[in-house]
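Please study the sequence and the structure before reading on.

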Amino acid sequence: MKLATFDDQGRDAVGLIRNEALVPVADLLPDAPTTMIGLIEAGPTLLRALADMSSTDGNALPLAGVTLLPPIPRPGKILCIGLNYVDHAAEGGTTVPDYPAVFMRTASSLVAPGAPVLRPRRSDRLDYEAELTVVIGRRCHDVGEDEALDHVFGYTLFNDVSVRDYQRKTTQWTMGKNFDGTGPMGPAIVTKDDLPAGASGLGIRTRLNGQTVQDASTDQMVFKVPRLVSLISQVMTLEPGDVIATGTPSGVAHARKPPLWMKPGDRIEVEVDGIGTLGNPVADAAGSRLTDAA
């Protein structure tokens with residue numbers, strides 16, 4: 001099942017995507033929660049009810065005419081994993097850690113599907129990072145790997161756009177990862193029953209202006225989904241709607257010679273098999289003093 005959050009006359013609403021159309025969940029189940037986190041918290045009974053209505057058209061809206069939002073517009077936690085692909089660590093001259101490199105993003109950095117990624121006023125070193133992203137479905141604390149996937153709701157996509165010079169100003173990456181308008185998420189959440197366990201063996205790739213610049217498999221992750229959920233839950237309680245972006249493969253802009261920084265007018269797409277494609281144009285943030293030659 002593929003679920004998305006969309007703009008319904010200025011309000012967040014949840015829809016079921018199929019056959020290039022979106023059916024509002026409220027049309028199928030009028031008493032259902034109106035937000036994605038509410039739907040996730042409602043549990044498997046509601047999902048089964050939606051699945052039973054999967055052939056019902058309801059008020060089907062052409063997907064091309066719908067304004068999608070990040071599937072979870074305001075997650076309680078946005079957890080990101082660095083250096084989780086061997087080749088990506090190597091291209092940056094870094095060794096693979098024996099414990100995941102975890103950092104956090106803020107909701108103010110999120111970008112909706114199709115909305116512009118903003119090159120900030122203070123830097124032109126704007127880099128792409130395709131990432132499989134886990135959506136937590138059940139509250140969990142200190143769970144083992146063998147039960148971790150029981151707490152996963154589904155998977156979406158994230159483009160962990162990085163402002164590289166700010167990322168390297170300190171040993172902590174927070175500043176380079178949280179500029180406003182630099183974190184595309186979406187376009188939808190695919191429930192875990194529609195994908196291999198742990199979303200293993202899925203192709204993951206990035207295209208910049210139609211050219212493939214990242215191309216790998218989720219099998220290449222150093223820390224797989226069950227391990228990540230287990231390790232993170234040892235430290236903090238994971239709650240419904242929390243998301244974990246699982247790291248990016250090699251091919252990022254800063255490792256190329258010359259670097260392939262994104263610039264206004266570009267289009268960036270990240271894709272994972274079975275989940276979909278998240279596409280965004282690139283634009284300058286308001287008031288930017290940079291030029292394309294900067």
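## Salt bridges, a covered helix and a charged patch

R207 counts as buried because its relative accessibility is 18%; buried means under 20% relative accessible area, exposed over 50%, and partly exposed in between (1.4 Å probe, protein chains only). The model is a predicted one, in which local features need pLDDT of at least 70 and side-chain atom pairs count only at pLDDT 80 or more, while totals for chains, interfaces and linings use all residues. Residues are numbered from 1 along each chain as its sequence is written, and side-chain values use heavy atoms, with hydrogens and water left out.

**Salt bridges.** Side chains of opposite charge can pair when their charged atoms come close. A salt bridge is a side-chain nitrogen of Lys or Arg within 4 Å of a carboxyl oxygen of Asp or Glu. The structure holds 18 salt bridges, and the table presents some of them.

| E269 | R207 | 3.2 Å |

The side chain of R207 meets that of E269 in a salt bridge. R207 belongs to strand β15 (residues 203–208) and E269 to strand β18 (residues 267–272), so this pair ties together parts that are 62 residues apart in sequence. Helices (H or I, at least four residues) and strands (E, at least two) are DSSP runs, numbered from the N terminus. R207 and E269 are also members of a network of salt bridges that links R205, R207, D215, R267, E269, E271 and D273.

Because D127 lies in strand β10 (residues 126–127) and R164 in helix α6 (residues 164–167), the pair ties together parts that are 37 residues apart in sequence. Both D127 and R164 are buried.

**A covered helix.** How many residues of helix α7 (residues 225–235) are buried? Eight of its eleven residues are, and the helix is thus mostly covered. Among the buried residues are V225, L228 and I232. The buried residues of α7 pack against β6 (78–82), β11 (130–136), α5, β12 (152–159) and β17 (243–245).

**An exposed residue.** Helix α5 (residues 145–148) contains D146. This residue, D146, counts as exposed because its relative accessibility is 74%.

Terms used: Contact means heavy atoms within 4.5 Å.
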